[in-house]
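Hi everyone, thanks for coming. I'd like to walk you through a structure that may be new to you, so please take a look at it with me.

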Amino acid sequence: MDWGFIFTASVSYALGALTVAYCLAAIGLNLQFGYTGLLNFGQAAFLASAGYGMAVMVTTFELSFWVGITVGLLATLALALLLGLPTLRLRADYLAIVTIAAAEVVRLVVRSVKFKETLGGSDGLQQFANRFYELSPLSDGFGINFGPFLFSNQELWVMIVGWSLVALFSLITFLLARSPWGRILKGIREDEDAVRSLGKNVYWYKMQALMLGAMMAGFGGFIIGIFFNAVSPDIYATALTFAIYTILILGGAARVAGPILGAILFGFLFQFVNVTLSEAVNADYITFLDSSQTAQIRLVLVGAGLMLLMIYRPQGILGDRREIALDAR
Amino acid sequence: MPADSADTTDAADTTVAVGETTSRKEVATAALADVAREPGAAKPDPVLVADGIVRRFGGLTAVNVDHVEVQRGAITALIGPNGAGKTTFFNLLTGFDKPDDGTWSFNERPLNGVPPFRVARMGMVRTFQLTKVLSKLTVIENMRLGATGQRGERLFFGLIPPLWRSQERDITARADDLLARFNLDSKRAEFAGSLSGGQRKLLEMARALMVEPELVMLDEPMAGVNPALTQSLLGHVKDLREQGMTVLFVEHDMDMVRDISDWVIVMAQGAVIAEGPPLEVMSDQRVIDAYLGAHHDLSLAEVAAEEGIDAPELLGTHDSTPSPKDAS
Ligand SMILES: Nc1ncnc2c1ncn2[C@@H]1O[C@H](COP(=O)(O)OP(=O)(O)OP(=O)(O)O)[C@@H](O)[C@H]1O
Ligand SMILES: [Mg+2]
């Protein structure tokens, strides 16, 4: 067992492009669920609409990368508006039902045979991010070493842009959470009728939170697409949404740094379990599994760990225990 | 736009100046002196007028109010036995519930179909019988939320603190002032969810005042508040009238109703059955019947009626007798 390798592989993953994408999606969800209490179970659809908006423009219609980014964002905002208009007037659980269904509808439409010409069917679309990598100031070559960590030039460029976006969105969240605007969101989370009785247009604030959070998640969708230089429908399944919730709750909802800590920790644990298991199988320490089964086992272990977390630390790592105590009153 | 400062109402500006010697209580009493003592009586200067309001829940008609007017600048009590429809009527007037039929207006502006937040911005703010404090916000944040026309409540302004800091300071000063008046200043930095039931009532009332309403509608403001504090709160409510606000409140405590209200409206089974100054209403035969009719123990009601128990006694007009709250 090469513990050094296991450790570096896990850390690389925890700082890598996919973690960044999950982190961006969790920052958006934090605004919607953490601060406003909107049970949005369709976050994957917002990543998909952004990723596909970009990919379709560049690959199918051969337009520029920037048109792709713009259309991706507009598609995400339009989807948020479409989902929010009928549901945000209703009770919180309706939004959950509608968003989870809508996310599946989006995924099934995207992978349908009927739209294969434009959307690529189940194979998805490829080769739309080349312009992004041309913008990279990093020289060509295999990659760059940071001590024991090795990142490819391409991934490093995605990471630089991605973590900058994380910093920017966290700053926005920080400022908004302390503003009168954020105060209204937190009020809505606690009791929206009380906020209404004080003259605030609750519906409109919920819409703003949904759309802003969807847009931030959309950037996560771009990052995933750009990193693989491909989009395919099954990346954006409901499991992605649950991973994002896990990250948010692990780090601590309604905390600015919650999604960041959650994403890094989640990425690390996920990869650590994965690599450790496959190393152990390869070294014949574990004989009752073969290497193809380790990917499933890590999901079981991560799930079990999260259950323990929920039981013993329901407020997440950065959460405030006093707030949880209030619920028991 | 969510934070529209144009709708903010300054109650003090909209009222007539009073002479130095006459208090607003005397003004209100004088204005109501000639009003007919009957359900739906017309008032000289109504701020709120409701017509033909009907709300049914399945087969039950919870509210069926033909006509009612609320006099500006007065304290009006809305009383009635449990289930009379008082809270439902409040919900309908403030847009939290939709009537099956009827029209109503505030300052002559029709309120049909107006959403609750707009009703509040027009200057008509209500509290809830089951208190709605925002548990995971601190007491002072609860208070700040009440202020209207906040610049920082717009998304892009909220991002830039210098644009709203000074306004926030003014709001905080006003909030601290109210908290002190309501004996909550020591709880300022605590989560509202950690307050006791009575303290929550106080916070909700203080928060409603942050909106600077023209008409305050309080649903059982004193339920669960201890007697010593009730006295000082009664003072505050009277004070609201002196500041030019109109108060409409639901209360079961007849001592309080008698003490502070200028006018009493009585509801029973959804309809307004009597109106008048407190002492007159409490000796009205229809009112006594309504309270007795609502009594769960029918045989006792019959006995009481047969034995002809003195009306003022039943309604607690004499301090020595129990109030109907204890009976219902
Ligand atoms: N949402 C609802 N669905 C069905 N029935 C309702 C609903 N809300 C109120 N009611 C019924 O309408 C009637 C009036 O209720 P309401 O709460 O207005 O009474 P109230 O006068 O405020 O009584 P209390 O003094 O006990 O607060 C009651 O019979 C109640 O059961
Ligand atoms: Mg009630």
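How far apart do the C-alpha centres of domain 1 of chain B and domain 2 of chain B lie? The answer is 29 Å. Keep in mind that we are looking at a predicted model.

Let me stay with chain B for a moment. Its division gives domain 1 (19–131 + 213–297), domain 2 (134–194) and domain 3 (298–328).

Now please find the magnesium ion, ligand 2. Its protein donors are Thr87(B), through OG1, and Gln129(B), through OE1, at 1.9 to 2.1 Å from the ion. These two come from distant parts of the chain, 42 residues apart. Thr87(B) sits in helix H2 (residues 86–93) of chain B, while Gln129(B) is in the loop between strand E6 (124–126) and helix H4 (139–146) of chain B.

Let's move over to chain A. Here we have 15 helices and 4 strands. The radius of gyration of chain A is 20 Å, close to the 20 Å that the globule rule gives for 329 residues, so chain A is as compact as a globular protein of that length. Along the principal axes, its C-alpha trace spans about 65 × 50 × 40 Å.

And inside chain A? Of its 329 residues, 55% are buried. Among contacts with a separation of 6 or more, 73% join residues 24 or more positions apart.

Technical notes:
Residues are numbered from 1 along each chain as its sequence is written. Chains are lettered from A and ligands numbered from 1 in the order in which they are written. This is a predicted model: local features need pLDDT of at least 70, side-chain atom pairs count only at pLDDT 80 or more; totals for chains, interfaces and linings use all residues. Side-chain values use heavy atoms; hydrogens and water are left out. Donors are N, O and S atoms within 2.8 Å of the metal (3.2 Å for Na, K and Ca); water is not among the atoms, so sites may look incomplete. Domain bounds come from an automatic or database domain assignment. The radius of gyration is taken over C-alpha atoms; the globule rule is 2.2 Å times the number of residues to the power 0.38. Buried means under 20% relative accessible area, exposed over 50%, partly exposed in between (1.4 Å probe, protein chains only). Contact means heavy atoms within 4.5 Å.
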